[in-house]
Amino acid sequence: MTHSEALITVDNLTMAYGDFVLQKELSFTIRKGSIFTIMGESGCGKSTLLRHLTGLKRPAAGDIMYNGINFWKQPLKKRVQLMQKSGVLYQSGALWSSMTIGENVALPLQQFTDLTEDLIREIVEIKLALVGLKGFSSYLPSAISGGMKKRAGLARAIALDPEIVFFDEPSAGLDPISSKMLDDLILELRDSLGATIVIVTHELASIFALADDSIFLDTETRTMLATGNPRILAKNSDSSKVRQFLSRSTSVRD
Amino acid sequence: MNPECVSQINDDGDALSLCFSGPWTISTLPFSLPDVPSLLTDGISSLYFNTDRLEQWDSAFLVEISAITEMAAELGITVVTDGLPDGIRKLLRLTRKKTVIPPSSNSLESGLFEEIGKQSLALVKESVQMLTFTGDIFLAYIRFFTGRARYLKKDFTFFLFDCGPQALPIITLISFLVGFTLAFIGAVQLKMFGADIYVANLVGLTMTREMGPMMAAIIMAGRTGASYAAQLGTMQVNEEVDALQTMGINPLDFLVLPRMTALILMMPLLAICSDFIGIVGGFFIGCFSLDISPILYYEQTIKAVHLNHFLVGMIKSVVFGYLVAFCGCLKGMNCGRSADSVGKATTSAVVTSIVLIVITDAGFTFFFNVLGI
């Protein structure tokens, strides 16, 4: 599959908490229909970058463009419309604990479409079936396992057929088999829905299995060290740190 | 262009083909489909799709196709999905993957008798929880007094400060207004009999025996009891309580004892404050609204309020302090593992505390009345 058209363009982004600059001079492109991974050590700002990309945090400097539209230069109403084109799967699933799984998935459909309750119920069943949770609609989040919560969170994230789906460390806390199943599901959903996928992860197996493109954030220099296909970066990156990270080694030297 | 679906049956009359054209998305709903069920039952043995002229599709189209294919499969008709877009074929395959559903479905609907049964069992469970917790607390206090309980001294001083001096402003405000209101209502009635001066008796006795301890307890139930339940509940959710247990530290000693002891110690002091401020509230009304001389009001209060009245209030406040801390800690420690259960634990702690305070107060009043105190 070839993906050439840019869906998200990040230009010279600086992320900061008050005066503390977490990352600076970040520039990269996420292509339509591709799977993009955000990599880096713990605490380097991966999840913060995700918050910037999902429109939850305003950049300290720089621009984030969706289909050529500068997100933060739009009025609030337009920004909300743009945000509705994306779905997010949070690390813990972030299901609303007082609602059943079905109600969790139905909520965005009830809030943002004029569909009838019957059709919403059918769509919810289909979405739950897609993630392997057929028949779990009436369960409360507290009654299902961690892996199932993530899949239910994914069903909610794709409820509105988003153009782009963000994943915050989807493999965290999952056993290798569940993690592999989730990776396969992400690939199948990308291929069938044609959605663009952005994943924050430091799981090498997931990175190599899924990513078309990636970015590596560094804690020391507080900027990106590399961007590109992780398989190529593992062998040919100029940065020894990136090669170390991708080969899970402590001995790679320039 | 509108979404359209045309049905075609082949010359042999055994194959149905559905030809989709235009955009089939949520935004182009409602779709007009031919009467597929009746077409399928007419000697059809296979179903084909043609989507050459399909422009766009999303979940709405998937729902339609899924319903049609399921219907056809139930009727034993062969469904040929080659004509569908790749994405739809993959999605259909995903939706048909088998899932294993555990037997205990969380049904939200239940009948009247089932509901009565559930509530009764919940009540029994709660009573057992309370008794067990009481026993655990008793054992924890034995460890505490024999110096074997493991807890942080700074936690204890923090809770002493939190439920003592920190609570004074709100206790002062509410108690002043309660004394003020009592005096006002009493004054209207007593004035009719020319017994204005007895406002001092009314306010003094009511505040020291009943309202002082009770108002302090109710405020502390909403303020500190709720906070205990929320703190301990959140610790349960974050597995902090489990972490203590795995380290061999008894969570009751470490978390519950400092909180409970602090509140039991501070509650009588808060009640004394509440008594005094309530009497001051009444004093304001007596002096400024009923024109009673301040000295006279003071002397009448001293004459009316005896040490035993004050002690009755103090005994009550110690018990109320225990009840508020008990409910807050019990609900927090038995909280579930979700954010939702923290909210429920907090609400339940406040409600249970207030109910127990009022019931206990009625019991005390009856008991002291029988004893003639």
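How many residue pairs are in polar contact across the interface of chain A and chain B? The rule finds two, both at pLDDT 80 or more; a polar contact is a pair of N or O atoms within 3.5 Å, where within protein one must be able to donate a hydrogen and the other to accept it, and residues adjacent in sequence count only if both atoms are side-chain atoms.

A quick word before we move on. You're looking at a predicted model, where local features need pLDDT of at least 70, side-chain atom pairs count only at pLDDT 80 or more, and totals for chains, interfaces and linings use all residues. Residues are numbered from 1 along each chain as its sequence is written, chains are lettered from A and ligands numbered from 1 in the order in which they are written, and side-chain values use heavy atoms, with hydrogens and water left out.

**Stop one: the interface**

Select helices H4 (117–130) and H6 (176–193) of chain A: each supplies at least two residues of the side that touches chain B (helices, H or I of at least four residues, and strands, E of at least two, are DSSP runs numbered from the N terminus). H4(A) gives the most, with seven residues. By class, this side of chain A has 13 nonpolar, eight polar and six charged residues (Ala, Val, Leu, Ile, Met, Phe, Trp, Tyr, Cys and Pro count as nonpolar, Asp, Glu, Lys and Arg as charged, the others, Gly among them, as polar).

Now show the whole contact (heavy atoms within 4.5 Å): 27 residues come from chain A and 27 from chain B. Color Ile126(A), Tyr139(A) and Ser192(A), which lose the most area to chain B.

**Stop two: salt bridges**

Pick Arg93(B) and Glu188(A). They form a salt bridge, with the closest N and O atoms 3.6 Å apart (the term means a side-chain nitrogen of Lys or Arg within 4 Å of a carboxyl oxygen of Asp or Glu).

For another, select Glu41(A) and Lys241(A), whose side chains meet at 3.4 Å, N to O. Glu41(A) sits in the loop between strand E3 (35–40) and helix H1 (46–53), and Lys241(A) in helix H9 (residues 240–247), 200 residues apart.

**Last stop: the lining of the largest cavity**

Finish with Leu154(A), Ile158(A), Val165(A), Phe167(A), Leu189(A), Leu193(A), Ala195(A) and Ile197(A), which line the largest cavity. The lining divides into eight nonpolar, no polar and no charged residues. On a 1 Å grid over the protein atoms alone, a cavity is a set of points where a 1.4 Å probe fits but cannot get out, and lining residues have an atom within 4 Å of a point.

Key:
Buried area = accessible area lost by both parts, 1.4 Å probe. 1 Å grid on protein atoms, 1.4 Å probe; cavity = no way out; pocket = protein on both sides within 12 Å on 5 of 7 lines; lining within 4 Å.
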